[in-house]
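Let's take a walk through this model together, starting with how its strands pair and ending with its charged side chains. Have the viewer open as you read.

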Amino acid sequence: REIPEYTDALGRIITLEGEFVFPGRYRFSKGERLASVIKRAGGLTNEAYPLGAIFQRESVKSVQAEQLREYIRKLEADILSLSSQAAETAVGKEEAAILQQTLVTKKQLLERLRAAEPTGRMVIELDQVLEDPHSRYNFELRPGDRLIVPKRPDYVNVLGEVYNPTALLAEQDKTVGYYLNMVGGMTDNADEDHVYLVKANGAVISKGQEGLLGMTTWDSRTHRWIMGGFESLRLDPGDTIIVPRKVEKYPWLRVTKDITEILYRIAVTAGVIIVAY
């Protein structure tokens with residue numbers, strides 16, 4: 001006779017990588033949660049960085065892959081429409097140059113999208129899981145789950161339209177504004193209204209979340225409003241500031257998809273920040 005749920009039981013494996021006392025593949029029982037298997041693995045090492053933990057799930061990866069395919073379909077339709085517009089519409093030399101540049105930019109983005117690989121990453125606050133088993137981040141485990149805990153990094157990244165995109169030494173309690181100044185500030189091509197911060201755990205805070213005339217900002221990690229604008233946010237090691245390129249919009253273009261918005265959505269939903277950028 002077939003043992004009830006035997007096949008499901010064989011698939012209940014989670015992979016723990018990185019700074020665990022005993023990393024490896026662990027079987028788990030139905031209904032078991034993340035904190036329990038971490039305890040069985042001996043907990044974390046002294047060099048572990050819970051704030052940068054990466055939790056990946058196969059079902060989330062499938063959803064992200066479908067979202068990515070949808071972005072690709074929309075972008076392909078945009079490119080087809082622009083190509084048709086360029087062929088059918090009589091435009092001046094300046095407008096033709098703008099059309100051509102828009103096409104080139106969208107085709108470059110399309111290539112990056114096609115090369116992107118969804119990770120299945122879910123935002124997790126591992127420090128909360130370790131402190132409180134009742135935390136909402138103490139997920140019930142699913143087959144194929146993977147938890148990666150890195151060593152503590154000593155840098156933050158600043159990418160995009162700044163004068164010196166690079167990694168900088170992480171300093172305690174330093175802010176977004178401080179690190180932007182360290183790389184020379186934003187260039188004339190920067191879209192200052194859409195700058196965003198990707199935390200080491202995958203959470204995203206954007207300048208668009210500023211409230212009360214820029215005097216407060218929503219912190220997605222602590223889930224509370226903090227005093228000060230976006231540039232007053234304090235960074236943790238492993239965080240990344242992304243300054244997107246300004247995208248000019250022309251009313252005479254029938255296609256007005258915002259490339260900056262597409263890049264932002266990829267970074268948030270597909271977990272492929274570097275590739276998408």
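Two strands count as paired if DSSP finds at least two bridges between them. Strands here are DSSP runs of E with at least two residues, helices are runs of H or I with at least four, and both are numbered from the N terminus. You are looking at a predicted model, where local features need pLDDT of at least 70, side-chain atom pairs count only at pLDDT 80 or more, and totals for chains, interfaces and linings use all residues. Residues are numbered from 1 along each chain as its sequence is written, and side-chain values use heavy atoms, with hydrogens and water left out.

With that in place, take strand β3, residues 54-56, which pairs with β5 in the antiparallel sense over three bridges. Within this pairing, F55 stands opposite L147 of β5. Both strands belong to an open sheet of five strands, ordered β2-β1-β5-β3-β4 with mixed pairing. Its edges are β2 (24-27) and β4 (121-122), each of which pairs on one side only. As a reminder, strands of a sheet pair through backbone hydrogen bonds, either parallel or antiparallel.

Now zoom out to the whole chain, which has eight helices and 13 strands. Of its 277 residues, 43% are buried; buried means under 20% relative accessible area, exposed means over 50%, and partly exposed lies in between (1.4 Å probe, protein chains only). The accessible surface comes to about 15400 Å², and carbon and sulfur atoms hold 51% of that surface. These areas come from the Shrake-Rupley method with a 1.4 Å probe.

What lies inside? A nonpolar core is a set of buried Ala, Val, Leu, Ile, Met, Phe, Trp, Tyr and Cys residues joined through side-chain atoms within 4.5 Å. The largest such core has 22 residues, and L34, L126 and L147 touch the most other members. At least two residues of this core come from each of β1 (13-18), α2 (34-40), α5 (126-131) and β5 (146-149), with α2 giving the most, three residues. L126 shows how these pieces meet: leaving aside neighbours within four places in sequence, L126 contacts L34, I38, L44, P50, A53, L147 and V149. A second, separate core has 18 residues, including V176, L233, I241 and V243. In soluble globular proteins, nonpolar side chains tend to be buried together.

N138 lies in the loop between α5 and β5, and N138 counts as buried because its relative accessibility is 5%. Beyond neighbours within four places in sequence, N138 is in contact with R33, L34, A35, V129 and P133.

Next, follow helix α4, residues 93-115. Its 23 residues reach 33 Å from the first C-alpha to the last, close to the 33 Å expected at 1.5 Å a residue; the expected span is 1.5 Å times one less than the number of residues. Its buried residues are I98, L99, T102, L103, K106, L109, L110 and L113.

The structure holds 14 salt bridges, each a side-chain nitrogen of Lys or Arg within 4 Å of a carboxyl oxygen of Asp or Glu. R114 forms one with E76, the closest N and O atoms being 2.6 Å apart. R114 lies in α4 and E76 in helix α3 (residues 58-88), so the pair ties together parts that are 38 residues apart in sequence. R114 is partly exposed at 44% relative accessibility, as is E76 at 33%. Another bridge joins E161 and R245 (3.0 Å, N to O). This pair links distant parts of the chain, 84 residues apart: E161 is in the loop between β6 (155-160) and β7, and R245 in the loop between β13 (240-243) and α7 (259-270). E161 counts as buried, at 12% relative accessibility. There is also a network of salt bridges linking E66, R69, E70 and R73, where R73 and E66 have their closest N and O atoms 3.1 Å apart.

One last stop is the backbone of D173, which has a positive phi of about 65° although it is not a glycine. D173 lies in the loop between β7 (166-169) and α6 (176-182), and is partly exposed, with a relative accessible area of 48%.

Terms used
Contact = heavy atoms within 4.5 Å.
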